[in-house]
Amino acid sequence: MIRSGTMTRKGTLVVWTVVVMSLAFLAATAHAESITYDVIFTDYAGGPTLQWLDKKGYKPERDTTNSKKVVVSHTGKALSLETRKQAAGLLLSQVQIHTYSTMRITWGVNTFPPGASYAKGVRSEAIMVYVFFGTEKIESGHFLVPDSPYFIGLYLCDSDPVGQAFTGRYFKAGGRYVCIDRATIGKEVVTDYAIADAFKQFFGQKQPPPISGVGVGIDTENAKGNGVAKSFISEIEFLK
């Protein structure tokens, strides 16, 4: 004979299981509906890495095609970026993202460039995600450097202040570089950043234009020592 108390407990457990599963489903659905752009770097199935990236719309720039300087590969479940000496690699994609407020990046650092710190004037980083806004070209500040749309470069750091915007040698009017999270060597970090509000704050505009480009880079040209660095990235999302 089964006691009614046992049946009640089992019934309650079933109800709570259904509730939890339903809430998880609703949360996942709401998150999916809020995504306005999503690129994942976890679906590599073999072959040349740059060809795989090209199918995602990411084109190599700077030293990216020179394997003696920059190595782009796929390790485990993430895209890996590595410099073998002082060098700079960039993967750039043209996009049209009209609706966004926040971005989420899943990434990490295996080796920081020696001495890298924007706060100390050593403008190098193991990984940076670039976000370009609109199509208006803003002066670079040097006639040999092509003008560019507004952009914000987001990077992981080990010592710079989080959230502080820095300017570079060029693009002082239209570019900002921000460490948006600290990274522990070898550990994956999931970072949320209010990119629309950041644009309005940094450039004094009431409304950010559509996002016109997204890039992933590594730069050790100004690093000390051997210029070696290594990082990885799994996903970039833009949310409403």
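Okay, a definition to start: a disulfide here is a pair of cysteine sulfur atoms within 2.5 Å. With that cut-off, a search of the whole structure turns up one. The partners are C157 and C179, with their sulfur atoms 2.1 Å apart.

Quick housekeeping. This is a predicted model, so to speak of local features we need pLDDT of at least 70, side-chain atom pairs count only at pLDDT 80 or more, and totals for chains, interfaces and linings use all residues. Residues are numbered from 1 along each chain as its sequence is written, and side-chain values use heavy atoms, with hydrogens and water left out.

Back to the disulfide. The angle about the S-S bond is -70°, and the link of C157 and C179 is left-handed. C157 sits in strand 8 (residues 148-157) and C179 in strand 10 (residues 175-182), so the pair ties together parts 22 residues apart in sequence. Strands here are DSSP E runs of at least two residues, numbered from the N terminus.

So, are these cysteines buried or exposed? C157 is buried, at 4% relative accessible area, and C179 is buried too, at 0%. Buried means under 20% relative accessible area, with a 1.4 Å probe and protein chains only.

Now over to T83, which is in strand 4 (residues 78-83). T83 counts as buried because its relative accessibility is 0%. What does T83 touch? Leaving out residues up to four places away in sequence, the list is K69, V70, I218, T220, G227, V228 and A229, where contact means heavy atoms within 4.5 Å. For G227 there's an atom-level detail: its backbone oxygen lies 2.9 Å from a polar atom of the T83 side chain.

Definitions and conventions
Helix = DSSP H or I, 4+ residues; strand = E, 2+ residues; numbered from the N terminus. Buried < 20%, exposed > 50% of the residue type's maximum accessible area, 1.4 Å probe, protein only. Polar contact = N/O pair within 3.5 Å; in protein donor to acceptor, adjacent residues only side chain to side chain.
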